Amino acid sequence: MSMDHVGPTTTSSTALSSIVIHSNPPSLPSHSPKSSRWSTLFLAYKTLGVVFGGLVTSPLYVYPSMPLKSPTEEDYLGIYSIMFWTLSLIGVVKYASIALKADDQGEGGTFALYSLLCRKMNIGILSKRNDGAPRVSNSTLYESDTKPSKLGKIFERSLVARRVLLFISILGMCMLIGDGILTPAISVLSAIDGVRAPFPKVSKSMVEGLSAVILIFLFLLQKYGTSRVSFLFSPIMGTWTLTTPMVGIYSIIKHYPGIFKALSPHYIVMFFLRNGKTGWMCLGGTVLCITGSEALFADLGHFDRSSIQLAFMFTIYPSLVLTYAGQTAYLIRNPNDHDDGFYKFIPKEVYWPMFVIATLAAVVASQSLISATFSLIKQSVVLDYFPRVKVVHTSSSKEGEVYSPEINYILMILCVAVILIFGDGKDIGNAFGVVVSMVMLITTILLTLVMIIIWRTSPILVLFFFITFVTMEGVYVSAVFTKLFEGGWIPFAISFILAFIMFGWYYGRQRKIDYELTHKIDIDRLRTLLSDPSVQRVPGICFFYTNIQDGLTPVLGHYIKNMKSLHKVTIFTTLRYLLVPKVSPNERILITKLGLPGIYGCTIQYGYADSLRLEGGNFVDHVYGCLQAYIRESEGGPSIEDEIRNFEEAKNAGHVHVRGKTRFHIGQNSSWFDRTMLAFYEFMHSNCRSSLPALDVPLPQRMEVGMLYEA
């Protein structure tokens, strides 16, 4: 099924009739099952294989990024102290304890935070079509239970503030998609590189080639869905999180039993006083210890909060603390082995079993970020910030499990390219550090806004939260930026390309909406067109798709003038995506009467985490049912029977789906910016998915009406 749609919509109360009929489809399955304590524990176990991939494989690639030439015992104690407090403050306090509570009806991630803020401040998607437009009169989706805060009022009044908020959210999303490219590359490459220790003759190029083959195989399996293979994920990650701390404990006992004295922040202070600038640059490597924490938040839609918290607090966190302690204990006794700090601290007796487990864990880690990327792309598509691509729901019980073939193969090509072109793990690690630190900082900014505007948290606590985490993450960002020309530019290049695509698509869609609002057809104009003797009302029902609700698309006038006809029953249909994860079933389909015989309006509302369940004939029959209910409940006395009879006759005559296929006519007077951006938009529009397949409309029932819009 494709998550394509007709496009952005206005939010207007086109209520020429006083009655709005709501659909009542079956309730959708919950995306986060919440039942007994045992089921929560079982779900917590399953999250090991899906949510924490990048985080639990971080021991593979943290230490190789350390720039110290001759590290001492005190240096290693300081580095371990930095990693422990980074994991504790950012992982436990920020993400597990605070961020997971900032969900948007069960959904997580930067776009969910953006959605939550926009809905609470009643500002909607950044668009002229939303500014000042009234909401659907009986909808409670956008209502706030408290008065807007002073900061919220600033966003409501200031277009610049809303643009900055949107830019921050898009940047965070683009960086997280970049994470979906870099995590598979660095995880698999770091795991497979372990084969070179026992076999020194194995070249770097062979490791890169084998890593690329494994990733290609993984991407080819994506079409079968995470659920088909997820039964293997939890045992693999469960084994990984059990065996690595066991090796860590063995290493601590053997090499340096006093390692946990490094938990004192005193060692962090002494580390920076002793190493100065070099110590600061070490942060570009230590930041990787927390990689994957943003995916923990972004994957909230797959599992409930308690299961993620249980899995993190009682398995992942202690496992990482012990594993890093074991690695550090080994390196204190072997200070020059930090270039391969993971495999060298593993005892020879269990080397090959650990190699197999590490490789499998790297594959699972890659899967977790690939799945998160699919979810992010889906959110962008349904909010109309990304070209329409096919998004398939691979699970009948989990709304969050999706797959996009186009995005899948693009990710595969980019992951393989990163490995083959930037095969040096240090370069990829530098790029990875940029992604991790930037996404963490963006999440902190958005969480601060949530605390102020929505939670109304005490200003003292907000200030403490903001200063603590912005300072930590700001220092990390400053450190990784020194690696900008050593691989750190990769995520910025990826983010720039993604942001350019998103802006080009958004700009083109906005210009079309502006044109349609300027040249829209109102009811009086439609009455005039239909009063022409040459225009006939032909039998049947027409679903005429429109992007706006406050008026009708100019394509309608173009259609009537050229076809000289309109169906006896015409339903102007708008697919309206709201800044909410899920729309309540009784808010799904809204029916209105537009004041002319046989002319109705139909709005189908979806949130960014909804799937289009009403497919094919089921969709049509459902609208029929709502329309019949509307006719029966409307006022009018005896005329009701005539209207029902006319509707039944039209229904028996068949139906057709009509949509406009519009293009921009770029004139000579257009600016170079318009010519460039609109040409780019038209290129994307001509190569993206069509709108109607979202409802699985059969080809014989589709009709496209072409029209040129003047730019």
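## Overall organisation

In this chain, 85% of the contacts with a separation of 6 or more are between residues 24 or more positions apart, where contact means heavy atoms within 4.5 Å. The structure is a predicted model, in which local features need pLDDT of at least 70 and side-chain atom pairs count only at pLDDT 80 or more, while totals for chains, interfaces and linings use all residues. Residues are numbered from 1 along each chain as its sequence is written, and side-chain values use heavy atoms, with hydrogens and water left out.

The chain has 22 helices and nine strands; these are DSSP runs numbered from the N terminus, with helices (H or I) of at least four residues and strands (E) of at least two. Of its 711 residues, 61% count as buried, a word that stands for under 20% relative accessible area, with exposed meaning over 50% and partly exposed the range in between (1.4 Å probe, protein chains only).

## Nonpolar cores

A nonpolar core is a set of buried Ala, Val, Leu, Ile, Met, Phe, Trp, Tyr and Cys residues joined through side-chain atoms within 4.5 Å. The largest one holds 152 residues, and the members that touch the most others are Leu117, Phe342, Tyr343 and Tyr385. Helix H6 (residues 159–192) gives the most to this core, with 18 residues. A second, separate core of 33 residues includes Ile523, Cys542, Leu594 and Met684.

Beyond its neighbours within four places in sequence, Phe342 is in contact with residues from several parts of the numbering, among them Pro59, Trp240, Gln327 and Ala358.

## A buried serine

Which helix holds Ser251? Ser251 lies in helix H8 (residues 226–255), and with a relative accessible area of 1% it is buried. Leaving aside neighbours within four places in sequence, Ser251 is in contact with Tyr256, Gly326, Ala329, Tyr330 and Phe345.

## Cysteines

How many disulfides are counted in the model? The count is zero, taking a disulfide as a pair of cysteine sulfur atoms within 2.5 Å. For Cys602, the closest cysteine sulfur is that of Cys626, and because the two sulfurs are 7.4 Å apart, they are too far from each other for a bond. Cys602 is itself buried, with a relative accessible area of 1%, and Cys415 also counts as buried, at 0% relative accessibility.
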